[in-house]
Amino acid sequence: MVCPAVPRLLLAMTLSLLPSPIIPTSQPEQSQAGGEPLQQLDRDNGAEESVLVSIYVHLEFPDRIWPPALSRPLVLPAASASSSPRTLTGLHLTTECNANSTGHSHCTCRPGYQWNNTVCSQHVLCDHHLQPCKCLIFHHSVPGHCQLLPPGASVSCFPTVPGKLSLRSPLQRPGNTLNLMLLTNQPATHVKWFLKRPRSSTPIILQSGTQVSLTSSQGQAALSITHMSHHWAGEYLSVFEAQEFTWRLNHTVEVPLQKTDVAQLPDQLSVSCATSPGFQLSCCVPATNLVYTAAWSPMEGSQASSHNTAGSQCLVLAVQHCPAADTTYTCVLKSQGLAPLSIPVSVTIIRDGDTTCPDDFSEIAWNVTKAGHIAQASCPANKKGMVKRPCGPNGTWGPIQSNCIDKRILALCAKARLLQAGQGNPGVEVPWILKQLQTLVAVASSPSDLRELLSTVTVLAEVVARARVQLDSTVLQDLLVTTDKVLDMNTSALVPLWPLAQAQKPSMASDFLLAVETLVRSLCPQDHPFFFNSSNVLLQSHHFGPPFPDDYQISFSTWPLLQAQISRHSLAPLIHAATNISITSLVLQKLDHFLPPNYGPGLKDSPYGTPGLVLVISIMADGEAFTKAEVIMDFGDPDSTLHCVFWDHHLFQGNGGWSEKGCQAKATSASPTARCICKHLTSFSILMSRNIVPESPILELLTKMGLGASILALLVCLGVYRLVWRAVVRNKVAFFRHIALFNMVICLLVADTCFLGDTLFHLEFCSPLCLASTFLCHYFYLATFFWMLAQSLMLAHQLLFVFHHLSKHIVLFMMVTTGYLCPLGFAGVALGLYLPQGLYLWEGRCWLNVKGVGLYTFAGPVLAIVGVNGIVLAIVVLKLLRPSLSEGPPMEKHQALLGVLKALLILTPIFGLTWGFGIAIILEEVSIVPHYIFTVLNSLQGVFILVFGCLSDKKVQEALRKHFCRTRFPNSAITLTTNETSIWNTAKVEVKKR
């Protein structure tokens, strides 16, 4: 019998020869095909014994056309008279080779034959996804031909495999455990299991994982898979080596679908027949090796259509006529031999008088929905999931709830989870997934995207730890680039993703930190040393062997400088026992802001600030983690009351928390830094108990109410000026005074509005809005004080430099320069100098960092202005109280003092006292009382300006009375003139006397 053949250029044959009773001569005979000489039979063989002899015959076909004659049974050649008396009993094809132009030959074994393991191990397979050792690539001459598979007494296309694959039932119920048993009658080695998924030609290797368990013993091997689902349906292959050949056995396993595997959109619907006479329903079935037929019921007045998407088939029901009553539509899935699977969708009809939420097409098309129901919409084309929006009982729309996830991120996460379960080779799949993740960070635009992205990294870390995979430097760089981009998401994204994602999964940041720790210490030893530097990630990894260094020291160019040291004494156990040591130091900036504010025993429940970084140090000795070394760290913050802590992943039910167990702070005289000493290795940082405003609902309420009152008062002040401006600015003194007060109102109004906006909307730390709010608050609060300074300097000039009159335009220019350009210089320098260093914002808040920027560019100028104002006021008061200053009555002097100095005399102490308390609580750790005082005084500054700067002025009062009452009092003109010109009259009297 000859097995079916296909055209090839090269052939190999096996001839079965039967010797004659006559002893042959020793002369060899050439093959008729022009190949190698026929091998001689052993003279000692018996007369009637059949012997199988192999020859290698080249048959060349230049036109690459298989001769029709070879498609029929081959005719044995006749014996030549000159040849030895031999009788050919069989002629069989064994190997087919295809030689290309480069000289490479692809040689495939015919059925019943196979390359033995020796030849197979020395050459490259044609396709790794095909059955092993069936096709090999030879770069030079072909070193032989395929061998007959045992037992092989007669050549057969389907030889007997020395083993049996046992499966109880090919149909596995979802949630059950699959058990496959391989029983061999020959010693078997290198047993491997593969799964070929439906509609896929690539077998997936199965390895031990969270669902896959592999066991083997003499004569048998077992595969066990728990929690079966449609992801595990397909053809299972058992590949093993026995008798110097590779064998394969297979079984097909089918897994029915569950209701959770079917995606329906929507799962409930409320319809207004008046506005939406028709609607669509759909159910999508994932690809499986079972054949399912889908149908909708009822079908009256409807039309069904199907379409295929990537990995699934959807049946869409277009209901063209709105039903008269509430109806439940059912998508029924049927497969032969299985119970039907029904997926119901309830449709509620909205009737007249029902409370509804109106249609809304602002972002997503939300149709009219009945109160108490949830409207549903599909995600964009590149995302998977569903968008929901509840309609409240009173007919108002609730917040939009979206679980849309980018399809590429979701597919990558699903692949990682299957890898964790046991599908795939971690050494190949982990590097590929990490490379893809680096490119997908940019497309993450929702909290669900970020959550799945970080979950993928977490899953990969568990796979690497379980399989002990070593990563090369390229793979590790992909991970660190991804980490750097992820830590920047809050500042680069329009919507802060971290807080919203953490609301869905509180342990997300803690799990991500543990995953990065695990992956960075899996670097291959030959890739050391390795360095990586980016804006948020800094890594240094070193490999040590004999001789070992005295001490391990590391430093990072963070601000301030971060240094760490591990003494040789701590490494002594490793030096004596291990031959290879690798130490990896990693700094993650900003990650500490995303870790939940959980504090372990001894740290109380009060909030703390962190320095904006986490230091991770890990030691690997001969592939094993070593965590009991003593590490000394200098964090560079000597002015704080610090707690040296590490992140304990086991605290708070696995959500993680800060713990100071095994760590202590130690002051040093030799270094101006805060030193931490810890007796173990993990993720370190420091907690700063100062500079944190206590979280108090009362404080927050007082802030909001006070700022609201302040803004309202400032708006009232602007309205008053709109009514009385012409009546109160009839000379230079009054004009300059009210110009200064008007600009103070404008500046304080903008600053308070920004501050209130941050309080109400909880701007995300380091976001563009947070930076803008901080800059505007800094600038306009400073401008308020500089306008107060301009007002006091104008007053001092008018009284002290009587003979030096300046024009109105010059004074106004100088006041505007002082009021707006000076604070702009301070605010701009602060932004340009401290923002690149990461020291512009206060940790966790949208306000200036107290380390330098807040002290030097805000607190310093404010205190200086308050001091200058105090000195100017004292000089002016003394000048006015001199006996020779004026010949007018004492009442006139008193009115002048009250009219010009009242605002400065009242507002300067109030503003100075307010920011005195503010600076005190910034620089020192104080009780809760100063916080309350500062909150009240600071949030009511607008009210103080309205009362003491505007309404207390008699000219303003008279102008308002005149405007509203339309009555002219006999002495009103005298009062206005006296109040406005008292200082000028005083100055003129002094000139005349001289």
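Author: What follows covers a sheet, a helix and some disulfides. Keep in mind that this is a predicted model.

Reader: In what sense do strand 20 and strand 23 pair?
Author: Antiparallel, over 5 bridges. Strand 23 covers residues 327-334.

Reader: What is the bridge partner of Thr293 there?
Author: Lys334, in strand 23.

Reader: New topic: helix 4. How far apart are its end C-alpha atoms?
Author: They are 30 Å apart. Helix 4 runs over residues 447-467, and its 21 residues should span 30 Å at 1.5 Å a residue, so the two values agree.

Reader: How many of the 21 residues of helix 4 are buried?
Author: 17 of them, so helix 4 is largely enclosed by the rest of the structure.

Reader: What comes just after helix 4?
Author: Arg468, which takes a positive phi of about 55 degrees.

Reader: Now disulfides. How many are there in the whole structure?
Author: A search finds 11. One of them joins Cys109 to Cys146, with 2.0 Å from S to S.

Reader: Where do Cys109 and Cys146 lie?
Author: Cys109 is in strand 4 (residues 105-109). Cys146 is in the loop between strand 7 (135-138) and strand 8 (147-148), so the pair ties together parts that are 37 residues apart in sequence.

Reader: Is the disulfide of Cys109 and Cys146 left-handed or right-handed?
Author: Left-handed, because the torsion about its S-S bond is about -85 degrees.

Reader: Are those two cysteines buried or exposed?
Author: Cys109 is buried, with a relative accessible area of 8%. Cys146 is buried too, at 1%.

Reader: What about Cys126? Which residue does a disulfide join it to?
Author: Cys135, with 2.0 Å from S to S. Cys126 is partly exposed at 25% relative accessible area, whereas Cys135 is buried at 15%.

Reader: One more. Where do Cys770 and Cys846 lie?
Author: A disulfide joins them, S to S 2.1 Å. Cys770 is in helix 13 (residues 768-800), and Cys846 is in the loop between helix 14 (808-834) and helix 15 (853-880). So the pair ties together parts that are 76 residues apart in sequence.

Notes. Residues numbered from 1 in each chain as written. Predicted model: local features only at pLDDT ≥ 70, side-chain atom pairs only at ≥ 80, totals over all residues. Heavy atoms only, no water. Pairing = 2+ DSSP bridges. Helix = DSSP H or I, 4+ residues; strand = E, 2+ residues; numbered from the N terminus. Expected span 1.5 Å × (residues − 1). Buried < 20%, exposed > 50% of the residue type's maximum accessible area, 1.4 Å probe, protein only. Disulfide = S-S within 2.5 Å.
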